[in-house]
Amino acid sequence: MERNVVLIALFAALIAALGLVPKLTLASGIPITAQSMGIMLCGTVLGAKRGALAVLLFVVLVAAGLPLLAGGRGGLGVFTTPWAGFYYGFPVAAYAAGMVMEKWKNGSVTVIAAVAAVIGGIGALYLVAVPYYMVMKPAGLGEALLTAMAPFMPGDLIKAVLAGLITGALYKARPSSVLSRADAA
């Protein structure tokens with residue numbers, strides 16, 4: 001139990017630390033940061049439940065006002081923008097990535113983790129973020145996908161590959177530390 005609590009807190013801190021990596025701000029005003037890679041790693045390393053809990057802890061800390069988002073943002077106000085669907089989708093994304101890791105038992109951990117990061121960290125995340133954006137903006141599906149979300153895709157794919165490589169390297173060095181694989185055994 002104590003180990004799980006420590007890992008959940010540690011990965012919430014990892015997401016916050018990845019917000020310190022210099023960001024690239026799009027013309028829309030939305031920053032592209034490394035934090036979404038932290039969401040992916042929560043799922044691929046910790047597994048579905050622990051990964052979602054780590055991300056949920058991070059989201060709760062942001063809601064409580066801690067300036068943990070890229071650019072030092074935090075507080076309830078960030079949850080009222082058209083982009084808040086990403087924050088609401090973060091725990092779902094980590095859970096989905098972790099579930100893929102836990103269910104897909106055979107094959108290269110690096111490849112499985114990269115695919116899990118794409119399915120959870122991009123697919124599941126956008127399933128929450130796109131409809132939320134459409135309602136809050138308001139915007140149609142075409143605008144939401146092509147204008148608002150498409151600029152994130154290349155970076156998100158790079159982050160998914162990096163999450164796969166990091167998870168695979170961690171598994172190779174210390175297999176027991178990748179809990180998503182230990183749970184699958």
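Helix α3 passes helix α4 in a right-handed crossing, meaning that the near helix is turned clockwise from the far one by less than a right angle. This is a predicted model, where local features need pLDDT of at least 70, side-chain atom pairs count only at pLDDT 80 or more, and totals for chains, interfaces and linings use all residues. Residues are numbered from 1 along each chain as its sequence is written, and side-chain values use heavy atoms, without hydrogens and water.

α3 spans residues 48-63 and α4 residues 84-103. Helices here are DSSP runs (H or I, at least four residues), numbered from the N terminus. The two axes come within 7 Å and cross at roughly 165 degrees. Axes are lines fitted to C-alpha atoms over the stretch in contact, with angles from 0 to 180 degrees between N-to-C directions. α3 is therefore roughly antiparallel to α4 (over 145 degrees). Ala, Val, Leu, Ile, Met, Phe, Trp, Tyr, Cys and Pro count as nonpolar, Asp, Glu, Lys and Arg as charged, and the others, including Gly, as polar.

Now turn to α5 (residues 109-136) and α7 (residues 153-173). Their axes come within 7 Å and cross at roughly 140 degrees. This crossing is right-handed. The contact includes Ala113, Ala117 and Tyr126 of α5 and Ala160, Gly164 and Tyr171 of α7. It has 14 nonpolar, 4 polar and 1 charged residues.

In α7, Asp156, Lys159, Ala160, Ala163, Gly164, Thr167 and Gly168 are buried (under 20% relative accessible area, 1.4 Å probe, protein chains only).

Terms used: Helix = DSSP H or I, 4+ residues; strand = E, 2+ residues; numbered from the N terminus. Parallel < 35°, antiparallel > 145°, perpendicular 65-115°, else oblique. Contact = heavy atoms within 4.5 Å. Buried < 20%, exposed > 50% of the residue type's maximum accessible area, 1.4 Å probe, protein only.
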